[in-house]
Amino acid sequence: MKKITILIFCFFLSINVFADEWPHENISNAEFALDVVDRIPINIIEELDNSLGKIYFFTNIRNLQGQSITHRWIYKDKVMADIVFDVKGPRWRVWSSKNLWHTWLGKWTVQVLISESEVLYEKEFNYIDKQ
């Protein structure tokens, strides 16, 4: 019985350790990538040059089933796109993409919102000129 109790304790401790590494308590992963294949972000990046005009933002949402989340793409304090997702399970992987005009250089931000107004998380990337 003591061994089972110790195993259960270790299991819950390991879950807590992983949850502490999440960017948000309801987001276990949030990445910019050049592609998403089989619900997995591929070629994760933090900077993109303007020879590549498309970028993806991937989020792994946890424990928000029945709610909606939004990926809000922002450039120079202007909302460039809002993409809304209905979360239908305890673990829900979603991604949005943005086609970028070659002159839209600089800092971009994607916010993950719940209820269209509360920001759960935000992440930035730089769109640079390929010289």
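This is a predicted model: local features need pLDDT of at least 70, side-chain atom pairs count only at pLDDT 80 or more; totals for chains, interfaces and linings use all residues.
Begin by selecting Phe32, Ile55, Ile69, Trp73 and Phe125, which are the residues with the most contacts inside the largest nonpolar core, a set of 25 residues. If you then colour strand 1 (27-37), strand 4 (54-62), strand 5 (68-75), strand 6 (78-86), strand 8 and strand 9, you will have the strands that each supply at least two residues of this core.

Stay with phenylalanine 32 and show what surrounds this residue: leaving aside residues up to four places away in sequence, phenylalanine 32 touches a set of residues that includes Ile44, Ile55, Phe57, Trp73, Val110 and Phe125, and also Asn43, Lys123 and Glu124.

Next, turn to the rings. A search of the whole structure finds nine aromatic pairs, and one of them, formed by tryptophan 108 and phenylalanine 125, is stacked, with 6.2 Å from centre to centre and 15° between the planes. Tryptophan 108 belongs to strand 8 (residues 106-114) and phenylalanine 125 to strand 9 (residues 118-128), so that the pair links distant parts of the chain, 17 residues apart. Tryptophan 108 is buried, its relative accessible area being 0%, and phenylalanine 125, at 2% relative accessibility, counts as buried as well. Now widen the selection to Phe32, Phe57, Trp73, Tyr75, Trp104, Trp108 and Phe125, which ring pairs link into a cluster.

Select aspartate 82 and arginine 72 for another salt bridge, at 2.8 Å, N to O, which links strand 6, holding aspartate 82, with strand 5, holding arginine 72, ten residues apart. Aspartate 82 is partly exposed, at 41% relative accessibility.

Glutamate 124 and lysine 107 form a further salt bridge, at 3.5 Å, N to O, and here the partners lie in strand 9 and strand 8 respectively, 17 residues apart in sequence. Glutamate 124 is partly exposed, with a relative accessible area of 41%, as is lysine 107, at 47%.

Isoleucine 40 has its place in strand 2 (residues 40-45) and is partly exposed, with a relative accessible area of 45%.

Terms used. Residues are numbered from 1 along each chain as its sequence is written. Side-chain values use heavy atoms; hydrogens and water are left out. Rings of Phe, Tyr and Trp (its six-membered ring) pair if their centres lie within 6.5 Å; planes under 30 degrees apart count as stacked, over 60 as edge-to-face and the rest as tilted. Helices (H or I, at least four residues) and strands (E, at least two) are DSSP runs, numbered from the N terminus. Buried means under 20% relative accessible area, exposed over 50%, partly exposed in between (1.4 Å probe, protein chains only). A nonpolar core is a set of buried Ala, Val, Leu, Ile, Met, Phe, Trp, Tyr and Cys residues joined through side-chain atoms within 4.5 Å. Contact means heavy atoms within 4.5 Å. A salt bridge is a side-chain nitrogen of Lys or Arg within 4 Å of a carboxyl oxygen of Asp or Glu.
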